[in-house]
Amino acid sequence: MKETSDNPPAINQANFVHTTNYCIYLTIGRCVHCRIARFLFYLLIWLPMRTLFLLLSLGFAFSQPSYADANTVPVGIRPCCAFGTGLKAELGSVPVPFYSIKNVLSMEDVDAHVFNDGSSSVVSSLFGAADEVNGLIFTNKGGFIDTAHVRDTADFTLYLYDKIHNRQQNAFEIALTPELMERRIVLRNLDQLDNGNHEEAKLAGLLAFRLAQWHEIAQWYGLVSVGGFKEYPSAFSPEDLYSNMLGALIAMEIIQVNPDITQSAFVALFPQYFRKHLKQLESQDVDTTIAKLETLDGIWWDSDKRLPDKWVVKTRDYHFSLELTPNGITKGTMLSLSSFQPLEQFGQLKLVKADNVASFDILPSTLKEKTVWTHQDFQMIANISKSVDDQHANSRNDALTMKLN
């Protein structure tokens, strides 16, 4: 049997089920020396344990408060979606048997939206128990769309809009959960915003997108927020930021039509607006999306790697801009927030140095010595990440210009 590490991932609520299975495998699985015995082990022990902990996790989720109001802060990201299809997983060096992530949807699957308050756990997402489903959809005009990234930025746009629109004062800060750095939204002179021109919604969408840009960087530098695992495979994935910007634009459209919208109304409206935009981008069926992904296997992603291996994704996009065209597409639809950039005089994302992060040691002293970073620092940090990845044998960053239509 293949040698395995005796150190399972750190136990927390999100990966408790995986860690327990892993411990059982170590204590019992090493005594199994034949295929029949291993099959019986998985059939009689592993699968029942997985089912048991799924039920326990669902029971825990149902006992928690759901999305109550628009003051709920979106929690991290949804537990989805690495680029690829049929993705496999492993714990330490132990492959997870019978487990594969299809990771692909059609436009018709976008029929529910749950405001991301953290109640959608890794377990419920992976085992299909979540109220909403997420994955990749290939579109002729927008390339691959990651529905989780669309939803995440849309939720943050609504949350920030609610804070701005229903403010008690015209200058204040919003402290968000840390992502390697302390994240703060600093707002000022909000009385100067032109409500007739929907500038509150535009500022909220722009700031939500800045949060998404930082999240890409934080993932590359070792952020842990889903299931106790580092999110290397998702960092700078080719479809990520285009999907995030689409989410900001959809949320702004909903808000502009409904300036006093509640969270429950937003949740109800979001799927139909999302489907409308997917139709405009000429979304394709599941079989077409899988075929496009398989064309890129070994180029943009690697089916031989297992999550959470960073090199499941081989091709990344480190370019930060407020004007994005989809990767892999000829004459794709450009998305833009650039006309809203002047609004950052009224609100800005500031990243305040917290604990020392060892992975930041590769950054130049001019960055490391700064106590506060803003979006103006993002491209320099991303460029350094790219220079490191470009030296790796698994990198195919040269393939980003490859076209699929």
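I started with helix 5 (199–220): 22 of its 22 residues are buried, so the rest of the structure largely encloses this helix. For burial I used under 20% relative accessible area, with exposed as over 50% and partly exposed in between (1.4 Å probe, protein chains only). Helices are DSSP runs of H or I of at least four residues, strands are E runs of at least two, and both are numbered from the N terminus.

I noted that this is a predicted model, where local features need pLDDT of at least 70 and side-chain atom pairs count only at pLDDT 80 or more, while totals for chains, interfaces and linings use all residues. Residues are numbered from 1 along each chain as its sequence is written, and side-chain values use heavy atoms, with hydrogens and water left out.

**Helix 5 and its ends**

I checked the length of helix 5. Its 22 residues should span 32 Å at 1.5 Å a residue, and the end C-alpha atoms are 32 Å apart, so the two agree. The expected span is 1.5 Å times one less than the number of residues. His198 sits in the loop between strand 6 and helix 5. Its phi is near 60°, positive in a residue other than glycine. His198 counts as partly exposed because its relative accessibility is 31%. After helix 5 comes Gly222, with a positive phi near 105°.

I found another positive phi at Leu180, near 65° and again not in a glycine. Leu180 is in the loop between strand 5 (172–179) and strand 6 (181–187).

**Helix 7**

Helix 7 has 18 residues and reaches 25 Å from first C-alpha to last, close to the expected 26 Å. I saw a bend of about 35° at Leu269, with Pro271 following within four residues. The bend is the angle between axes fitted to the seven residues ending there and the seven starting there. Buried residues of helix 7 include Phe266, Phe270, Pro271 and Phe274. Their cover includes strand 3 (136–139), strand 4 (143–146), helix 4 and helix 6 (240–257). Just after helix 7, Glu282 takes a positive phi of about 60°.

**Helix 4 against helix 7**

I then looked up the packing of helix 4 (residues 147–165) on helix 7 (residues 263–280): the angle is about 145° and the axes are 12 Å apart. Axes are lines fitted to C-alpha atoms over the stretch in contact, and angles run from 0 to 180 degrees between N-to-C directions. Thr147, Val150, Arg151, Ala154, Asp155 and Leu158 of helix 4 meet Gln263, Phe266, Phe270 and Phe274 of helix 7. Contact means heavy atoms within 4.5 Å. By class, I logged six nonpolar, two polar and two charged residues here.

**Two single residues**

Ser237 is in the loop between strand 8 (229–230) and helix 6. At 4% relative accessibility, Ser237 counts as buried. Beyond neighbours within four places in sequence, Ser237 contacts Phe83, Glu216 and Val313. Its C-alpha is 10.0 Å from that of Asp146, 91 residues away along the chain.

Thr401 lies in the segment after helix 10 (378–389). Thr401 counts as exposed because its relative accessibility is 62%. Thr401 and Thr315 are 86 residues apart in sequence, with 10.0 Å between their C-alpha atoms.

**Whole chain**

I closed with totals. The protein has ten helices and 13 strands. Buried residues make up 53% of the 405 residues.

Conventions: Ala, Val, Leu, Ile, Met, Phe, Trp, Tyr, Cys and Pro count as nonpolar, Asp, Glu, Lys and Arg as charged, and the others, Gly among them, as polar.
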